[in-house]
Amino acid sequence: IFSDCIIANSSLTSYFLKRFLKISNLNNLKDVHVVNIGVDKKFKKIKRKKLQHPIKIGFVGRYSKRKRVEEVIKIGREISKNFDVEIHIVSNIPSSLRKEIEKEKIFVLKERINDNELVDFYNNLDFFIFPSLYEGFGLPILESQRCGTPVVIYKDGLIPREVTKM
């Protein structure tokens, strides 16, 4: 590495850089500095009466093993046994899985939405679920919180402490 320092977007990213790159052993590198990502001002709470029926739970993120989108689907199915729910998923879910879950009336699927739609998306949810195994930062968590929507994360997920302690 030919730098005096490295800038990381979270304490967790900094930790992994130091651990896996053995940064303390590099000659000229003084440190890894953490500079957290900010959330755009457009992410804000819009007055809305929440917890109406159906209860709206949402997830946004790309489809990958790390994001655990299947957990969102599984949770939706379980919750729907006892509650009137809609599970809103914005993700590039593979077509075979998409066809399977589109048959179930509790799921509302979108491939993608733009940033302005994302503000409305968070504001129209009663809960945002983010079951990711790990995140470098976890921007959707902060965006949802800025919109006043409670966020559910898994306790085994490696999410940076500055995101989860807000």
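Which strands does helix α4 (residues 115-123) lie across? Helix α4 lies across β3, β4 (85-90) and β6, at about 140° to β3. Before the close-ups, a word on the model: it is predicted, so local features need pLDDT of at least 70 and side-chain atom pairs count only at pLDDT 80 or more, while totals for chains, interfaces and linings use all residues. Residues are numbered from 1 along each chain as its sequence is written, and side-chain values use heavy atoms, with hydrogens and water left out.

**View 1. Five strands form an open sheet.**
Read across, the order is β5-β4-β3-β6-β7, and the pairing is parallel. At the edges sit β5 (107-110) and β7 (151-153), each of which pairs on one side only. On average, neighbouring strands here are turned by 20° against each other, direction ignored. Helices (H or I, at least four residues) and strands (E, at least two) are DSSP runs, numbered from the N terminus. Two strands pair if DSSP finds at least two bridges between them.

**View 2. Strands β3 and β6 run side by side, with helices against the sheet.**
β3 (residues 55-60) and β6 run parallel and are joined by two bridges. Look for I57, which stands opposite F127 in β6. Helix α5 packs on the sheet too, touching β3, β6 and β7, and its direction makes about 170° with that of β6. Contact means heavy atoms within 4.5 Å. For the angles, axes are lines fitted to C-alpha atoms (for helices, over the stretch in contact), and values run from 0 to 180 degrees between N-to-C directions.

**View 3. S132 is tucked into a loop and counts as buried.**
The loop in question runs between β6 (127-130) and α5 (139-146). S132 has 2% relative accessibility, so it counts as buried; buried means under 20% relative accessible area, exposed over 50%, and partly exposed in between (1.4 Å probe, protein chains only). Its side chain makes a polar contact with the side chain of E135 at 2.6 Å. That term covers a pair of N or O atoms within 3.5 Å; within protein, one must be able to donate a hydrogen and the other to accept it, and residues adjacent in sequence count only if both atoms are side-chain atoms. Leaving out residues up to four places away in sequence, S132 touches R66, K67, R68, G157 and I159. E135 also turns up in a network of salt bridges with R66 and K67.

**View 4. D156 and R68 form a salt bridge between two loops.**
A salt bridge is a side-chain nitrogen of Lys or Arg within 4 Å of a carboxyl oxygen of Asp or Glu, and the structure holds nine of them. In the D156 and R68 pair, the closest N and O atoms are 2.8 Å apart. D156 lies in the loop between β7 and α6 (161-164) and R68 in the loop between β3 and α2 (69-79), so the pair ties together parts 88 residues apart in sequence. D156 is partly exposed at 47%, whereas R68 is buried at 14%.

**View 5. R98 and E111 meet in another salt bridge.**
Their side chains come to 3.3 Å, N to O. R98 is in helix α3 (residues 95-102) and E111 in the loop between β5 and α4, 13 residues apart, and the pair links distant parts of the chain. R98 is buried, with a relative accessible area of 13%, while E111 is partly exposed at 39%.
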